[in-house]
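Please keep the sequence and the structure in view while reading.

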Amino acid sequence: MIKVLEYLRLMERGLYNKKKRAYLTNTKPTIIASNCVGTAIYDDMKLPVCSPTINLHMRMDDFVRFAGNLEWYLKQPLRRAEDSTVSFPVGMLNDIRIYFTHYDSWEQAERKWRLHIKRVDLGNLFIMGCEKDGCTYETLEQFERLPYQNKVIFTKKEYPEFPSSFCLHGFDVEEEMGNLIGYRDGFWLRRYIDEFDYVSFLNSGILRRGGYDKRTDQKTAGDNFSGSLR
Amino acid sequence: MTREQIRRRLETIFQEVFDDAKLSIREDMTAADIEDWDSIEHAYLMVSIEASFGIKITDSMKKAENIGEMIAMIEKKLQRKWGK
């Protein structure tokens, strides 16, 4: 019985992603993300990866500097950094420290970085940050000043003064935001990030809510992708 | 387009996707034979094949077990496209 329910959940998750994909018109976006959020979107939407920021994370202050001078940083050589406190490869891109969280070796991380850089489309850029990994109020201010039209920073509370911020519920009592690609409690498999209608964001840069909505009792099934404006 | 022509064009696509000009493909090759061929690169590979051959890749094609199967599926798609 448990196996049947698990199968049902996985099937439903597949249909949920498929339904989202049907609305997606931007099929080759370059998502520059500070953590694995971009990777999960590429994966769930079965999109071709056109970004080097895959399976890795950076501190938010580093990320803002990186995104702020993206073209220049993408031309810098990636060098290996020693870090005995972590079990995954770490690299330095000039003064930016990159944690290759989901890579088995430095060689693999470096090779993939080079491979993915070649696919970057600066004319189809989407910047995604997160209020974690050392993100302060000042970092949010700096993020807001980044010269990109399509940018969003996920936050644990509302910041009306920052139009690029988007509050994801579920981390209100946490010291900082947790894993945004993890699944929320509940029968149906919904990631925290699913609260954000990233299909509309990738299609037209609009920031609005997707499926999950606190006001409708954490609705998870039959999600409305047209959503309501924030 | 003959099977060999499809194979050669596919080889060019593989070389571009995996950024390896020396990459040579064989029909019995699978993802295990190409270092960077994982699920992440697979999506890029499929989009590149679609663009190059002007065909729509279906779910069954995404699950091709090896390059030979991939070529056979492309061949079939092209035959349908050109009404052969």
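In helix α1 (residues 2–23) of chain A, E6(A) and R9(A) stand three residues apart and are therefore separated by about one helical turn. Helices here are DSSP runs of H or I with at least four residues, and they are numbered from the N terminus. E6(A) and R9(A) form a salt bridge, with 3.1 Å between the closest N and O atoms. The term salt bridge denotes a side-chain nitrogen of Lys or Arg within 4 Å of a carboxyl oxygen of Asp or Glu. Over all chains, a search of the whole structure finds 30 salt bridges.

This is a predicted model, in which local features need pLDDT of at least 70 and side-chain atom pairs count only at pLDDT 80 or more, while totals for chains, interfaces and linings use all residues. Residues are numbered from 1 along each chain as its sequence is written, chains are lettered from A and ligands numbered from 1 in the order in which they are written, and side-chain values use heavy atoms, with hydrogens and water left out.

Helix α1 (residues 3–17) of chain B packs against helix α2 (residues 39–53) of chain B at an angle of about 135°, their axes being 10 Å apart. Axes are lines fitted to C-alpha atoms, for helices over the stretch in contact, and angles run from 0 to 180 degrees between N-to-C directions. α1(B) and α2(B) are therefore oblique to each other; angles under 35 degrees count as roughly parallel, over 145 as roughly antiparallel, 65 to 115 as roughly perpendicular and the rest as oblique. Among the residues of α1(B) that meet α2(B) are L10(B) and F14(B), and the residues of α2(B) in this contact include E41(B) and Y44(B). Contact requires heavy atoms within 4.5 Å.

The two chains also meet each other. Eleven residues from chain B and 15 residues from chain A take part in the contact. About 1200 Å² is buried between chain B and chain A, and carbon and sulfur atoms give 51% of this area. Buried area is the accessible area (1.4 Å probe) that two parts lose on being put together, summed over both. In chain B, the most area is lost to chain A by D36(B), I40(B) and Y44(B), which together account for 44% of what that side buries.

Charged pairs also link the chains: the count between chain B and chain A is seven salt bridges. In one salt bridge, the side chains of K112(A) and E41(B) meet at 2.8 Å, N to O.

Terms used:
Helices (H or I, at least four residues) and strands (E, at least two) are DSSP runs, numbered from the N terminus.
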